[in-house]
Amino acid sequence: MPFDHVRQWLLSAREVIGAAVVSPEFYLQLGLIVLCALAAWASRALFRARFDVSSMAMGWPGRLRRFVRVLVGSAPIAVFAALVSLLGILIRGTALGGPAWLLLATAQLALAWLAIRLVTSAIRDPLLVSLVSLLAWCVAVLGIVGQLQTVSAALDSVAIVLGDLRLSPLLVIKLVLLLALALWASKLLSQFLESRITRSSDLTPSMQVLLIKLTHVVLMVLAVVLVLSAVGINLSALAIFSGAVGVGVGLGLQKIVSNFISGVILLVDKSVKPGDLVSVGDSTGRISAMNTRYISIAAGDGRAILIPNEDLVTQKVVNWTYSDTNALVKVKFGATYDADPRHVCQLAVGVAAAAAQVSDSKPPVCLLTEFGDSGMLFALSFWIADPSGMDATRSEVMAALWEAFRRENIRMPFPVRDIRMAAPPAATEAPAGGSR
């Protein structure tokens, strides 16, 4: 019975541990462990003096900085595990102390602790941290008691065969763990490369985004391929899954694939790039981010408008900063017929030129456009360097123009309507001699 087997194993383990505790080798190994702990504690000050994490990881992504901080902080644990492992190997290989089971068990526990600290440094979910910690401690304990191979063989004894693919619980556990670790490492590496790419002044913003996206995809695919090869899965055995993915793309994933391809096209042809001021339909704002499926537009009022990449390829897009960051602003106004039109134009040009946002390279222009019913109509046009300040600059110029007109006694026309009230008709008198 399995229960009897476990009971016999526990009894034998108790006897072995009891005999080992009273032996001199146990206290020798315990003393060496204490010395290794003191040496590791002394090395902490050395690592803090040699590695300044704040300056070394400046500009790196947040997760990568946190991982480096935990790595440097866990250096004494790594030193302790290395020293204990080295002493255990030396003692086991000589006749000095006999079996070094305490040293090796302590080294395995220290390595498990180090692995848990490094892996959980990039995990925010408390439940996932608890699961990873529990699994790591179980593997460490099974390795210490010598039952790791037995449990592995038991998990591998049950399997499902799908063609050339043999799926067992052990294979699934290995695949999930290695895939999570590889994707986590690829994400850290891609974030590090992203920080380096964004600092490069030789690359345009659209080329930076394209390189970042390609780096993410390549590292993710490489991580998946390496994990599948590491666990012994033949990639040709996944042909049925690739066919299923093709069917899924044909049935329900057309928009996702279309947006992805459209995003690549936008990055290659450079029609839009981060920082451009664009108008798509009724939405206007600056492009704050270009993602695989959509672009994010900052509307200026706190909103973030997400527009699918396919819409930017198939619809009309107004890019205010495509070839030139300057934008033309027009202000229409009027003046009564008792004003001098040339003086009005000179006054309007001077008001526009005095505005701080108006460009000096292209002087303002004012034209008389029409003789209206109530007065003369003018059009004042000027250039500004930042299209996002178009409305504010127009408002400032119109307010200054109103103040200038009041100083110069120039009136703006407004409709005048005269209402004439006709007198009521006189009452008709009754004929004389009529009936009463």
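Residues are classed as buried under 20% relative accessible area, as exposed over 50%, and as partly exposed in between. The structure described here is a predicted model. Under this scheme arginine 394, with a relative accessible area of 23%, is partly exposed. Its salt-bridge partner is aspartate 391, and the closest N and O atoms of the two side chains are 3.2 Å apart. Aspartate 391 has a relative accessible area of 58% and is therefore exposed. Both residues belong to helix H15, where they are three residues apart, about one turn of the helix.

Another is formed by lysine 273 and aspartate 276, whose closest N and O atoms are 3.2 Å apart. Here lysine 273 is partly exposed, at 24% relative accessibility. Aspartate 276, with a relative accessible area of 3%, falls under the 20% limit and so is buried.

A further salt bridge joins arginine 411 to aspartate 338, with 2.9 Å between the closest N and O atoms. This pair links distant parts of the chain, 73 residues apart: arginine 411 is in the segment after H15, and aspartate 338 is in the loop between E8 and H14. Arginine 411 and aspartate 338 are both exposed.

The segment after helix H15 (390-407) also contains asparagine 409. Most residues other than glycine have a negative phi. Asparagine 409 is not a glycine, yet its phi is positive, at about 55°. Its relative accessibility is 70%, so asparagine 409 counts as exposed.

Strand pairing was examined next. Strands E8 and E10 are antiparallel and are paired over nine bridges. Within this pairing, lysine 330 has serine 381 of E10 as its bridge partner. E10 also runs antiparallel to E9, to which it is joined by six bridges. E9 and E10 form a hairpin, with four residues between the two strands. In E10, phenylalanine 378 stands opposite leucine 368.

Three aromatic pairs are present in the structure. In one of them, the ring centres of phenylalanine 333 and phenylalanine 378 are 5.4 Å apart and the ring planes meet at 10°; the pair is therefore stacked, given that planes under 30 degrees apart count as such. Phenylalanine 333 is in strand E8 (residues 327-335) and phenylalanine 378 in strand E10 (residues 376-384), so this contact ties together parts that are 45 residues apart in sequence. Both phenylalanine 333 and phenylalanine 378 are buried.

Tyrosine 337 and phenylalanine 371 make up another stacked aromatic pair, with 6.3 Å from centre to centre and 15° between the planes. This pair likewise links distant parts of the chain, 34 residues apart, with tyrosine 337 in the loop between E8 and helix H14 (341-354) and phenylalanine 371 in strand E9 (residues 365-371). The relative accessible area of tyrosine 337 is 43%, so this residue is partly exposed. Phenylalanine 371, at 58%, is exposed.

Ring pairs also link Phe333, Phe378 and Phe405 into a cluster. A contact between a charge and a ring is found at tryptophan 383, where lysine 362 lies over the ring face at 4.0 Å from the ring centre.

On the surface, a nonpolar patch is formed by Val217, Val221, Val225, Val257, Phe260, Ile261, Val264, Ile265, Val268 and Val313, which together have about 730 Å² of accessible area. At least two patch residues come from each of helix H10 (205-230) and helix H12 (254-269). Helix H12 gives the most to the patch, with six residues. Phenylalanine 260 is located in helix H12. Its relative accessibility is 37%, which means that phenylalanine 260 is partly exposed.

Methods
Residues are numbered from 1 along each chain as its sequence is written. This is a predicted model: local features need pLDDT of at least 70, side-chain atom pairs count only at pLDDT 80 or more; totals for chains, interfaces and linings use all residues. Side-chain values use heavy atoms; hydrogens and water are left out. Rings of Phe, Tyr and Trp (its six-membered ring) pair if their centres lie within 6.5 Å; planes under 30 degrees apart count as stacked, over 60 as edge-to-face and the rest as tilted. Buried means under 20% relative accessible area, exposed over 50%, partly exposed in between (1.4 Å probe, protein chains only). A charge sits over a ring if NZ of Lys or CZ of Arg is within 6 Å of the ring centre and within 35 degrees of the ring normal. Patches are made of residues with over 30% relative accessible area and no salt bridge: like charges are joined within 9 Å, nonpolar side chains (Val, Leu, Ile, Met, Phe, Trp, Tyr) within 5 Å. Accessible areas come from the Shrake-Rupley method with a 1.4 Å probe; for residues, only the protein chains shown count as cover. A salt bridge is a side-chain nitrogen of Lys or Arg within 4 Å of a carboxyl oxygen of Asp or Glu. Two strands pair if DSSP finds at least two bridges between them.
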